[in-house]
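Subject: Structure handover

Hello,

Here is the structure I promised to pass on. Please open it next to this email, and my notes follow below.

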Amino acid sequence: MPSTGRIKKLMAANRGEIAIRIFRAAAELNLRTVAIFSKEDISSVHRYKADEAYQVGKGKSPIGAYLSYEEIVEMALKHRVDAIHPGYGFLSENAAFAKLCEDNGIAFVGPTAASLEQFGDKTKARNLAISHNVPVVPGTAHALEDPAAARAWCAEHGYPVILKAAHGGGGKGMRVVRSEAEIEQSFALCSGEALKSFGNGEVFIERYVDRPRHIEIQILGDGTDVVHLYDRDCSVQRRHQKVVEVAPASGLPPALRQRLFDDAVRITKASGYRAAGTVEFLVEPTTGSYFFIEVNPRVQVEHTVTEVITGIDIVQSQILLAGGAKLQKDLGLTQDAISTRGYAIQCRVTTEDPANNFQPDTGRLQVWRPAEGFGIRLDGGNSYAGSVISPYYDSMLMKVTGSALTFEGTAAKVSRALRESRIRGVKTNIPFMLNVLKHPVFLSAKCTTSFIEDSQKELFDFPRDASQDRATKMLDYLAELAVNGRSVVGAEGPRTPDFAVVLPPPELTDKRAPPPGFKQVLERGGPEAFAKAVRAHKGLLLTDTTWRDAHQSLLATRVRTRDIMAIAPATAQLLHPLYSIENWGGATFDVALRFLHECPWDRLAEMREAVPNVPFQMLLRGANGVGYTSYPDNVVFKFCDTAVKSGMDVFRIFDSLNYLDNMKLGIDAVGAAGGVIEAAVAYTGDITDESKTKYTLDYYLEFVRQLVEHKIHVLAIKDMAGLLKPAAAVALVGAIRREFPDLPIHVHTHDTAGTGVASMLAAAHAGADVVDCAIDPMSGTTSQPSMGAIIGTTLNTPLETGLSIGSIVPLMDYWESIRVSYAAFEANQKSGSADVYLHEMPGGQYTNLLFQSKQLGLAGQWPQVKKAYAEANVLLGDIVKVTPSSKVVGDLAQFMVANKLSAEDVRRDAAKLNMPSSVVEYFEGLLGVPPGGFPPLQAAVLKGRKAISGRPGATMAPCDFEATRAKVAAAIGTTAESVPDTDLMSYLMYPKVFTDYRKQIARFGSLTKLPTRAFVEPMEKGEQIEVEIEEGKLLSIKLLAIGELVPKSGTREVFFELNGVPRSVVVTDRTAESSTTMRPKANKEEAGQVGAPMGGMVVAIKVKEGDVLAEGASLMTLSAMKMETAISAPIAGKVEQVTVAINEDVAQGDLLVKIVPSSN
């Protein structure tokens, strides 16, 4: 072992990874080590890696502590330190620090103060290079005094240029300037960043070389002799900061490589350089021209790749040279003796989020399990399970250096190590690094400094959960439930009991190909051939609604993807004769995002893969898509096109008011997309009741004629409330069949009154080709009629379905068992309810409206709500009731009950009432025009505003999809290129719901694999669950304990065991917060006191104290259970007080605003 001379005790004037690297090198040389640390680094690992550790910089900033070199030298003297190693960054290039060490007899492990003066000042280094015939980039000979000097140089030499810190490196204090307009700001930014990072704000200027390779030569000098340790390629940079480093540089011509070696040695030898250093060049790939840019007189972050390929310990060499050793005599380092073997690649793993513009992340490291293995070197800093990543310092967690005999093999090793590493609790740049390592330009060794800029699309294309931090995020969710209780909106029923899921036998759930079905007919011949095949089919065809309308009607649409996918293979095997499976629509789309935190497009893709033989069917709300409002025409067209490409087949197109113009848009959009056009006539009223003259048989026949003229493939009769009695079914279907013998007819109903099976059989006997039904445990009441009942009653008749009751028993057993897991969402309807013939409430709305009423405090007034629903329907003009028109009726009904209003009260006071927004929008014509036009109430509700005429979307400007895509990217923290059409469509349909969903995913990850009971219910202490997050990857999670409340922070620590390893999560206990604020109530006797017409949340406030308002001016908007109410001023006057804030909850009657009446 070479002698370290007089050095017996060494201090590292640095922190983190490089300090630890220095201590390890020193320990191998049998030196005693000393660490320094700031107050913020009290828990830093580097202080424990040294033999001694002392705090510095008391009262100074976190950075300032490590820049206080006078204090550091004083401390070194106090503790008899012989040498100080500055590492990189901080004081590593500070000549005054090196001089102070020298003056106090302390060896500075680095160049002399004179060398630092020369090379630390980039302009002096340039001049030295010029004097030794080393080519340089044209630039200033000295530091610039001010922006005016920079402007003058550029006026003479032109743009682009680059401003650089004169006394630092590492990509800090650098800005590319492409025009005079950028000089002022760029100069200030560079100077400020340089001052903060290096303690000196001087900058100089160079011509900017566009798209070069960045090649650097590692050298070691002893003051007399200099050797090189070959080259490194540092071209993969972001904002001039090196990201990935390679040694040696691949693809350099040997002659060019040698010239770089010779110039690097010549310039450093001429200066009498002692220590490690790096000579950096820019190389133009096409011409082979190169330019000296600087000498970094210190150890570099990327020194590890050179150590790996040469076998030379650069840090130990620095220490030995500082102790007086000579390269040849003491270290045996002659140029001939130095060689390389293979390749090395270093990746810097940081806590930066590449999907969010590399925003540094902070927090506690919950898991720290870096990869190891042959060919992998790890250099870590302050990272360990439980450590807290602070915002004060560099975001690097570790350096991963891989080596192999080939460049491709090296990239594979580093990629493997990054994939294998498990870092949880903070975001990292690993997904970005993996994209770099697999990029063809990188693998071909053709990267320039513009590589990242030129490869944005590929490098920033991340999976939706790119971090793969699935277990940690899942624990966060389970901890949240454990502390704060149920979080899924609508979970109001009893706690989910333990139950056993009854799965079909293995032969029905394996991956064998299912029998062919009507999907294959559609694929072979297209929609027209499909329609002909349906019409020519002998027997009755069925549509199974279990995957959509059935659970919408019974369980508030809460059935999750995992529970559908568990039965999907068996469904494909057993129900292959079906016409279709209904699995998509507005409610499922909305609820999946809003409440289940699932992507409806992912759900569709999974279903399609599992069921390749049965056509899928969705509900399309005409011009409303799957939303509640109108959209630009091109949005509806693109939505349908995206849906078809994602696996949708049959589109049941309807309009909530039977408004033909809205229907036509949907028909055209589906036709253009290549889907099956199943146009629906929405049924309401009773055609067998001659006293009802609005919705007659003639009305429906005329509507069907207009649909047929528009070239539809299939006609649907959509009886959304279960009003189609058997006699009405015979009359309606029979009349349509006689007039249109070749038109396939599909009938849909609900079994609310208990007559569903009879009505469907009547329709079938009258000529219907297809009827809707649901698997028996998911049928009846507000759902569809029983599939088993229809199969059984048509057996051995011309209407046989091709199915048997025995064949569907495995499906029945499964759904009967899995329905138990949704006990919290059950409406607890014990039987059918024939009063549907009175209130005409759609089955899909019944359970949702019942739940909403409970949330609005109307739980004990459900009979009044149903009665008010009938009255609201009349007030609105006796309309067709299906989403979104049914929502209008429901909102008005709840508003009437909450405010104790009769129908006559509404007619009389409509102009004074703050109606729900949906009611106002209906009267504005935003849903279209109802049959027979609007009732007289319209004028009073609109309060002087004009309703639109014609189709609402007809006047809307086309959507700029790419501009919207960029908006989505900004909202969810990614690049526009990473936003697929599916996410774009989700955003366009439900902007806020989609962005909230993405925030939820960012926080908790995908929860689709979590068992439903654990998704809904808090785990009990000692309870253990298993979650298969992907095939072959099983998580075992056990809740151990919930800690005591920490009063100061209002948090509890929740303790788990994950795969046998203890884990904990800190959660804010919202149940421990102060009791609900008691708000003053509005005095109804004072006209200027505005109270909340219903309970809800304040989502918008449009006035402030002191505003002068006209009567009817908009004050604010309340939202409750998807029902928004716009609050307007009841009188003209001045706002005296606003008593609420955005996102605050209010109860009915709470005072919102006080208005002082205007004086006349």
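**Cavities**

The structure holds three cavities of 30 Å³ or more. A cavity here is a set of points, on a 1 Å grid over the protein atoms alone, where a 1.4 Å probe fits but cannot get out, and lining residues have an atom within 4 Å of a point. Grid points are joined across faces, edges and corners, and a volume is the space filled by probe spheres set on the points.

Before going on, a word on the source: this is a predicted model, in which local features need pLDDT of at least 70 and side-chain atom pairs count only at pLDDT 80 or more, while totals for chains, interfaces and linings use all residues. Residues are numbered from 1 along each chain as its sequence is written, and side-chain values use heavy atoms, with hydrogens and water left out.

The largest cavity contains about 490 Å³ of space. It is lined by 32 residues, and the closest to its centre are Gln-552, Gly-844, Gln-845, Asn-848 and Thr-883. Helix 21 (546–555), helix 24 (586–594), helix 34 (843–855) and helix 36 each bring at least two residues to this lining, and helix 34 has the largest share, with six residues. Helices (H or I, at least four residues) and strands (E, at least two) are DSSP runs, numbered from the N terminus. By class, the lining of the largest cavity has twelve nonpolar, twelve polar and eight charged residues. In this count, Ala, Val, Leu, Ile, Met, Phe, Trp, Tyr, Cys and Pro are nonpolar, Asp, Glu, Lys and Arg are charged, and the others, Gly among them, are polar.

The second largest cavity holds about 100 Å³ of space. Its lining includes Arg-213, Asp-233, Phe-407 and Cys-447. Strand 10 (226–238) gives the most to this lining, with three residues, and strand 11 also supplies at least two. The lining of the second largest cavity divides into seven nonpolar, two polar and three charged residues.

**Loops and backbone**

One joins Ala-247 and Pro-248, with omega about -10 degrees; Pro-248 lies in the loop between strand 11 (241–247) and helix 10 (254–270). Another joins Thr-883 and Pro-884, with omega about 5 degrees, and Pro-884 sits in the loop between helix 35 (862–875) and helix 36 (885–898). Thr-883 is also one of the residues closest to the centre of the largest cavity.

Asn-796, in the loop between helix 31 (787–794) and helix 32 (805–818), has a positive phi near 65 degrees. It counts as exposed, at 71% relative accessibility. Asn-828, in the loop between helix 32 and helix 33 (836–839), has a positive phi of about 60 degrees and is partly exposed at 47%. Buried means under 20% relative accessible area, exposed over 50%, and partly exposed in between (1.4 Å probe, protein chains only).

**Strands**

Strand 6 (residues 161–165) and strand 8 pair in the antiparallel sense over five bridges, with Lys-164 opposite Phe-204. Two strands pair if DSSP finds at least two bridges between them. Four of the five residues of strand 8 (203–207) are buried.

Finally, an open sheet of four strands runs in the order 39-38-36-41, with antiparallel pairing. Its edge strands are strand 39 (1123–1128) and strand 41 (1145–1146). Six bridges join strand 38 (1114–1120) to strand 39, and Ala-1120 has Met-1123 as its bridge partner.

Best wishes

Methods
1 Å grid on protein atoms, 1.4 Å probe; cavity = no way out; pocket = protein on both sides within 12 Å on 5 of 7 lines; lining within 4 Å.
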